[in-house]
Amino acid sequence: MVVNYIPRVTQLDAVSLDIQVEELIKELFLQATKFIEPRYIQPFLPEIELLIRTWIFKHSVYDKKYTFGQEILSVQYSTLNFTKSKLCWYYGYTIGLKYLKERGIFSLTSNTKVQNFIQNVEKIQLFSEVLNFLRFIQSGKHPLLIDFILGLELIGVNQTREDLTDFSWTRELLWHNLIELFGTGISLFNIIGLKQRLSKFLKYVWWNKPVHTFSQPGAPNMTLSTVCACCSNKPVLPHTMGCSHIFCYYCLVANKTMDQDYACPKCYHVGKNVAKLTAS
């Protein structure tokens, strides 16, 4: 049985599944080659991704006239007007343009004209896809821009998303929407500000009242063996805070931002040890 009406959510889910299939194959490839030195893999990443996308295209759209995501959801392109010329245009837009963009960005990084051209083409493409998505929301046809340009129609085979009333599908959609809601809500919180307020509150708790005892400040001396008093690495943009120790600028600013009463950790620990010896 062929169904001409395909719900919008089914069409969008098919697009998402296609993206996830490609990402999964690339992740498996990177896992299989993780012990190979990056200098042997990185220069050919655009070509590797081109081969992966071409393999997916060959065994899905070219052979069967539907993508893997569409196959999972029992959806496919109508074969009435899906000619070989349209297959070539489909391949060029979905795979060829991506390869040219990635190869241009990778190989011609210093060529400003090429980079500006790629950025302009990408902006035009994104703007066109946004307009097509708004049209798709209204009409319910052609979720992808290339589908609209080539006039490719989707049809349902055997069953559509409306027929899949199993509880697992409903639970999957509910959890997906709930996770998106949490992600959107968390992004609205000022995490840094919340952490600062929590740090200030914890300073006054009875179990967390450190007594800052400092050693006598001395003149800082920068040598080849000097490390940051905070991260224990070579100081980046060396700075001091009144004692003989040297900090990275970013370590010092980050700690000062989180705690206005931040003290040199090395001076503080030395002072604590001296206080213990004096008490004993």
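**Exercise 1. Classify K101 and E122 by accessibility, and say which elements their salt bridge connects.**

Solution. The model is predicted, and the values below are computed from it.

Step 1. K101 has a relative accessibility of 30%, so K101 counts as partly exposed. The class runs between the limits for buried, under 20%, and exposed, over 50%.

Step 2. E122 is also given a relative accessible area of 30%, and is therefore partly exposed.

Step 3. In the salt bridge between K101 and E122, the closest N and O atoms are 3.5 Å apart. This falls within the 4 Å cut-off for a salt bridge.

Step 4. Because K101 lies in helix α5 and E122 in helix α6, the pair ties together parts that are 21 residues apart in sequence.

**Exercise 2. Describe how helices α5 and α6 pack, and list the residues that meet.**

Solution. Step 1. Two packed helices are described by the angle between their axes and by the distance between those axes.

Step 1. For α5 (residues 84-107) and α6, the angle is about 145° and the axes are 10 Å apart. The crossing is left-handed.

Step 2. On the α5 side, the residues are Y93, K101, G104 and I105; on the α6 side they are Q115, I118, E122, Q125 and E129.

**Exercise 3. Is G104 buried or exposed, and which residues does G104 touch beyond four places away in sequence?**

Solution. Step 1. G104 belongs to helix α5.

Step 1. The relative accessibility of G104 is 8%, so G104 counts as buried; the limit for this class is under 20%.

Step 2. Leaving out residues up to four places away in sequence, G104 touches T109, Q115 and I118.

Step 3. For I118, 14 residues from G104 along the chain, the C-alpha separation is 7.9 Å.

**Exercise 4. Which residues form the nonpolar surface patch, and where does F133 lie?**

Solution. Step 1. The patch consists of F127, V130, L131, F133, L134 and I137, and together they have about 580 Å² of accessible area.

Step 1. F133 is located in helix α6 (residues 112-139).

Step 2. The relative accessible area of F133 is 36%, so F133 is partly exposed. That value passes the patch requirement of over 30%.

**Exercise 5. Summarise the chain as a whole: what are its elements, their order and its buried share?**

Solution. Step 1. The protein chain has 11 helices and three strands, in the order β-α-α-α-α-β-α-α-α-β-α-α-α-α.

Step 1. Of the 280 residues, 28% are buried.

Step 2. The accessible surface comes to about 19600 Å², and carbon and sulfur atoms account for 65% of this surface.

Definitions and conventions
Residues numbered from 1 in each chain as written. Predicted model: local features only at pLDDT ≥ 70, side-chain atom pairs only at ≥ 80, totals over all residues. Heavy atoms only, no water. Patch = residues over 30% accessible without salt bridge, like charges linked within 9 Å, V, L, I, M, F, W, Y side chains within 5 Å. Areas by Shrake-Rupley, 256 points an atom, 1.4 Å probe, with all protein chains shown as cover. Salt bridge = Lys/Arg side-chain N within 4 Å of Asp/Glu carboxyl O. Helix = DSSP H or I, 4+ residues; strand = E, 2+ residues; numbered from the N terminus. Buried < 20%, exposed > 50% of the residue type's maximum accessible area, 1.4 Å probe, protein only. Axes fitted to C-alpha atoms, helices over the stretch in contact; angles between N-to-C directions. Left-handed = near helix turned anticlockwise from the far one by under 90°. Contact = heavy atoms within 4.5 Å.
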